[in-house]
Structures are given as C-alpha cells and as structure tokens.
Amino acid sequence: MTIDNYQIREEAIGNRIKELRIKAGYTSYAKFAIEHNFENKSVWRWENGQNYKLNTLSLIADIHGITLEEFFKGIK
C-alpha cells in the first residue's frame with residue numbers, strides 16, 4: 001500500500017467521524033466535543049484524519065450506537 005492510499009483511508013475515516021456527528025444532530029464539532037468530554041482540537045483532528053487511535057474510533061462508534069464493523073463499512 002502506498003502513502004497516498006493511507007492518506008485516502010485516513011481521510012475516509014475522518015469523513016466517517018464527521019458524517020456520524022452531523023447525522024446525530026451536531027452541527028458543530030465543538031458542541032460534540034463539549035457534550036462528550038473531548039477537547040475541541042481533538043475532534044477537529046479526528047475529522048481531518050489525524051491523531052486518532054483504535055480506542056478513539058471504538059469510543060466514537062459506541063457514542064453513535066454502532067459497531068466497528070458498521071463504522072468501517074465501505075472504507076477500504
């Protein structure tokens with residue numbers, strides 16, 4: 001896998017995080033961060049495909065009531 005492919009995957013994961021937030025009714029990443037005790041900067045980074053770990057993605061999936069399998073569906 002090339003670096004470009006990794007970047008595309010990271011961008012897709014960030015987009016999924018943002019998509020879930022918006023679908024849950026949070027128009028602002030800052031409001032989502034406050035309500036779930038995250039730092040604003042962290043949520044912004046995650047949505048931009050940066051600085052997330054598997055436990056972060058697992059927590060986000062739990063917040064939205066989905067499995068990791070559902071979270072990653074369609075991400076290659």
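**Entry 1: helix 1.** I looked up what the buried residues of helix 1 pack against, and found helix 2, helix 3, helix 4 and helix 5. I note that the model is predicted. The buried residues of helix 1 are Ile13, Gly14, Arg16, Ile17, Leu20 and Arg21. They lie on the same side of helix 1, because they cover an arc of only 150° around the axis. I checked this against the general rule: an α-helix has 3.6 residues a turn, so residues three or four places apart point the same way.

I then turned to the face of helix 1 that points away from the buried side, and there I listed the exposed residues Asp4, Ile8, Glu11 and Lys23.

I also checked the length of helix 1. With 21 residues at 1.5 Å a residue, helix 1 should span 30 Å, and its end C-alpha atoms are 30 Å apart, which agrees. Gly25 follows helix 1 and has a positive phi, near 95°.

**Entry 2: Arg16.** I looked for what its side chain reaches, and found the backbone oxygen of Lys73 at 3.0 Å. Leaving out residues up to four places away in sequence, I find Arg16 touching Glu70, Phe71, Phe72, Lys73 and Ile75.

**Entry 3: Lys73.** I located Lys73 in the segment after helix 5, which runs over residues 68-72.

**Entry 4: helix 3.** Which residues of helix 3 are buried? In this helix, residues 40-47, I noted Val43, Trp46 and Glu47. They sit on the same side of helix 3, because they cover an arc of only 95° around the axis. I asked what covers them, and the list includes helix 1 (3-23), helix 2 (29-35) and helix 4 (54-63). Just after helix 3 I found Gly49 with a positive phi of about 75°.

**Entry 5: Glu47.** I went back to Glu47, which is in helix 3. Its relative accessibility is 10%, so I count Glu47 as buried. Not counting residues up to four places away in sequence, Glu47 touches Gly14, Asn15, Ile17, Lys18, Arg21 and Tyr29. Among the buried residues of helix 1 I had already written down Gly14, Ile17 and Arg21.

Notes
Residues numbered from 1 in each chain as written. Predicted model: local features only at pLDDT ≥ 70, side-chain atom pairs only at ≥ 80, totals over all residues. Heavy atoms only, no water. Buried < 20%, exposed > 50% of the residue type's maximum accessible area, 1.4 Å probe, protein only. Helix = DSSP H or I, 4+ residues; strand = E, 2+ residues; numbered from the N terminus. Arc of directions from axis to C-beta. Contact = heavy atoms within 4.5 Å. Polar contact = N/O pair within 3.5 Å; in protein donor to acceptor, adjacent residues only side chain to side chain. Expected span 1.5 Å × (residues − 1).
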